Number of protein chains: 4
Amino acid sequence: MYTSETFVRVRYGETDQMGYVYYGNYAMFYEVGRVEALRQLGLSYKELEDDGVMMPVLENHSKFLLPALYDDHLKIVTTIRDKPGVRIQFNYSIFNADGKLLHEGHTLLAFVDKKNGRPCRPPQRFMDVLKPYF
Amino acid sequence: MYTSETFVRVRYGETDQMGYVYYGNYAMFYEVGRVEALRQLGLSYKELEDDGVMMPVLENHSKFLLPALYDDHLKIVTTIRDKPGVRIQFNYSIFNADGKLLHEGHTLLAFVDKKNGRPCRPPQRFMDVLKPYF
Amino acid sequence: MYTSETFVRVRYGETDQMGYVYYGNYAMFYEVGRVEALRQLGLSYKELEDDGVMMPVLENHSKFLLPALYDDHLKIVTTIRDKPGVRIQFNYSIFNADGKLLHEGHTLLAFVDKKNGRPCRPPQRFMDVLKPYF
Amino acid sequence: MYTSETFVRVRYGETDQMGYVYYGNYAMFYEVGRVEALRQLGLSYKELEDDGVMMPVLENHSKFLLPALYDDHLKIVTTIRDKPGVRIQFNYSIFNADGKLLHEGHTLLAFVDKKNGRPCRPPQRFMDVLKPYF
């Protein structure tokens, strides 16, 4: 298992007239969570794409427990529970500054070869870096 | 069961550098789907809120089967399968102009009294209008 | 001069906690305005890109006169005042359903060759179609 | 004059299929710039709203010099050139990690009393904190 923390500050434009973070904007928080989780391992999603592999999302699941509010400093805990194969799952728990759990979600992504659009294995370096955690 | 169709045109700003609709933007398509589903019944979500009831999202689930692309004219089929109680579930199927199923999802929402933030029953008119379908 | 009308319905996710459309979301309305203005002439921005020309934005200017609100059915009037060269300017006026002018803006875009990233002339068909208006 | 620096990392969902940051997303970067500029002075926009004053945007102007790209670590330099009255102008310059100027913009905002929707003076504390800079 690999777990990582990162933080986002809720932007005004991410709220809606209910005064909550709009439910569609959590997907962006998840993205920050997983990209920073990889960066903390020395892996760059940008470089992965530059090297010809992209990671489209296959599934996304979200539970909204309590609303995130404007200017909240959110902690995103991102976890990879299982060793990635042609697919990788990221789990997220989002907490506010008081340590309250606001939100849980998980996303399933594929590794896809940009040239032919076909599913592929993760790059070797990606697997090497993650190996110690599984 | 109540089912309804509506259409959205994919905006440039909804795509990402993969050339696909960004996965977080489907939540907005779902919102259009359910709001127009209600409007076709003569129900206005705006009026519901003005009358003191809001409908925050509790859960959201998405399966990305095929990418939606820039300028695609998407058909969103929105279905309410079960009679709403204090919660209501909307299911969505999204098709491109060739009739290909690109995406499936569903969202669970609560009815909440704006004054006290507590779960509540849907307004009577809401129930009356939906009644014939269940 | 060429002028065109199109309509957008304000989405919940486009509002912010002020209860107004977030100021950054007008750019998307402008995009809808200019893409539909071109489509009404038989021109497709998507095809333009497929044919190797893209139109990045160089400048954007907005005046927020009155707030657009959730569920407003906005009329976007898009105008091309001057014959396009290597650049093209679109002007926008946005009205609510009561005919009140809410917003004015304009955007300057370039024609750019996707292959070399250099400014280029608009495609011949683009110029032919617009010619009668100037 | 008061000037301040803050940083944002470009998110995947902020790019479009051109591979650039979508032009509408700079408004969100400006928002981060001005909110963090105020926070560095000990002023919280959230508290300002809680205290009954909101700051809707009246005008927004943007020049796109070079595209911001996915994963760019952008420096936003936010400047208040003139002493605020019932309106306040923020100027922004956005640089990439190589120090290249990518973008310039400015935004004019009003101070508005939330109770009656009328323009008002900035709160005293706001003026006190900014006073030394003008």
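How many bridges join S3(A) to strand S3 of chain B, and which way do the two run? Five, and the strands run antiparallel. In S3(B), which spans residues 57-64, B:Ser62 is the bridge partner of A:Asn60. Strands here are DSSP E runs of at least two residues and helices are H or I runs of at least four, numbered from the N terminus; two strands pair if DSSP finds at least two bridges between them.

Quick housekeeping. This is a predicted model, where local features need pLDDT of at least 70, side-chain atom pairs count only at pLDDT 80 or more, and totals for chains, interfaces and linings use all residues. Residues are numbered from 1 along each chain as its sequence is written, with chains lettered from A and ligands numbered from 1 in the order in which they are written.

OK, the A-B interface. Here 18 residues of chain A are in contact with 17 residues of chain B, contact being C-beta atoms, placed from the backbone, within 7 Å. On the chain A side, helix H1 (26-39) and strand S3 (57-64) each supply at least two residues, and S3(A) gives the largest share, eight residues. By class, that side has 11 nonpolar, five polar and two charged residues. Nonpolar covers Ala, Val, Leu, Ile, Met, Phe, Trp, Tyr, Cys and Pro; charged is Asp, Glu, Lys and Arg; the others, Gly among them, are polar.

The same surface serves both copies, with 94% of chain A's contact residues recurring in chain B.

Back to H1(A): 12 of its 14 residues are buried, including A:Phe29, A:Tyr30 and A:Arg34. Buried means 20 or more other C-beta atoms within 10 Å of the residue's own, again placed from the backbone; exposed means 12 or fewer, and partly exposed is in between.

Last, the cores: sets of buried Ala, Val, Leu, Ile, Met, Phe, Trp, Tyr and Cys joined through C-beta atoms within 7 Å. The largest has 72 residues, and D:Phe29, D:Leu74 and D:Ile94 are among those with the most contacts inside it. A second, separate core of 71 residues includes A:Ala27, A:Phe111, B:Tyr30 and B:Val35.

Notes: Contact = placed C-beta atoms within 7 Å.
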